[in-house]
Amino acid sequence: MTLDEYRLANGLSYKALAEKLGFKEATVARRWCLPKDHPQALTPSSRNLSLILNVTMSSVTPNDFIIRRN
């Protein structure tokens, strides 16, 4: 499950997701939710990947941020 799928499934705005993850601004959460090939998309640091894993109770994992190529 992507972080954006998690956000939508839980009825969270980008701001609410950011706050749940401990951030004040929605921008970082929004950029983590963008499609992986979007030019503004960001991949979270290892520290933030661990945070996302814990907050989402393993619904979103580090593998969900990897771009898979055929």
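Mentor: Start with lysine 15 and glutamate 19. They sit four residues apart in helix H2 (residues 14-20), so about one helical turn separates them. A helix here is a DSSP run of H or I with at least four residues, and helices are numbered from the N terminus. Note that this is a predicted model: local features need pLDDT of at least 70, side-chain atom pairs count only at pLDDT 80 or more, and totals for chains, interfaces and linings use all residues. Residues are numbered from 1 along each chain as its sequence is written, and side-chain values use heavy atoms, with hydrogens and water left out.

Trainee: What makes the contact between lysine 15 and glutamate 19 a salt bridge?

Mentor: The definition asks for a side-chain nitrogen of Lys or Arg within 4 Å of a carboxyl oxygen of Asp or Glu. Here the N to O distance is 3.6 Å. That is within 4 Å, so the label holds.

Trainee: Are lysine 15 and glutamate 19 buried, exposed or partly exposed?

Mentor: Buried means under 20% relative accessible area, exposed over 50%, and partly exposed in between (1.4 Å probe, protein chains only). Lysine 15 has 38%, so it is partly exposed. Glutamate 19 has 48%, so it is partly exposed too.

Trainee: How many salt bridges does a search of the whole structure find?

Mentor: The search finds two. In the other, the side chains of aspartate 4 and arginine 7 meet at 2.8 Å, N to O.

Trainee: How do you know whether arginine 7 is buried or exposed?

Mentor: Its relative accessible area is 10%. That is under 20%, so arginine 7 is buried. Aspartate 4 is buried as well.

Trainee: What does arginine 7 touch, apart from residues up to four places away in sequence?

Mentor: Arginine 7 touches Leu12, Ser13, Tyr14, Leu17 and Cys33. Contact means heavy atoms within 4.5 Å.

Trainee: Which residues have the most contacts inside the largest nonpolar core?

Mentor: They are Leu3, Tyr6, Leu17, Trp32, Ile52, Val60 and Phe65, in a core of 13 residues. The elements giving two or more residues to this core are H1, H2, H3 and H4. H3 gives the largest share, three residues.

Trainee: Why is this called a nonpolar core?

Mentor: Because such a core is a set of buried Ala, Val, Leu, Ile, Met, Phe, Trp, Tyr and Cys residues joined through side-chain atoms within 4.5 Å. Take isoleucine 52. Leaving aside neighbours within four places in sequence, isoleucine 52 is in contact with Leu3, Leu21, Trp32, Pro44, Val60 and Phe65.

Trainee: What makes asparagine 48 buried?

Mentor: Asparagine 48 has a relative accessible area of 11%, under the 20% limit, so the word applies. It lies in helix H4. Beyond residues up to four places away in sequence, asparagine 48 touches Phe23 and Trp32.

Trainee: What is said about the phi of methionine 57?

Mentor: Phi is near 50°, a positive value in a residue other than glycine. Most residues other than glycine have a negative phi. Methionine 57 lies in the segment after helix H4 (46-55). At 71% relative accessible area, over 50%, methionine 57 is exposed.

Trainee: What makes an open space a pocket?

Mentor: On a 1 Å grid over the protein atoms alone, where a 1.4 Å probe fits, a pocket is an open set of points with protein on both sides within 12 Å along at least five of seven lines. The largest pocket has a volume of about 200 Å³, a volume being the space filled by probe spheres set on the points. Its lining has 14 residues, and Trp32, Leu34, Pro35, Lys36 and Phe65 lie nearest its centre. Lining residues have an atom within 4 Å of a point.
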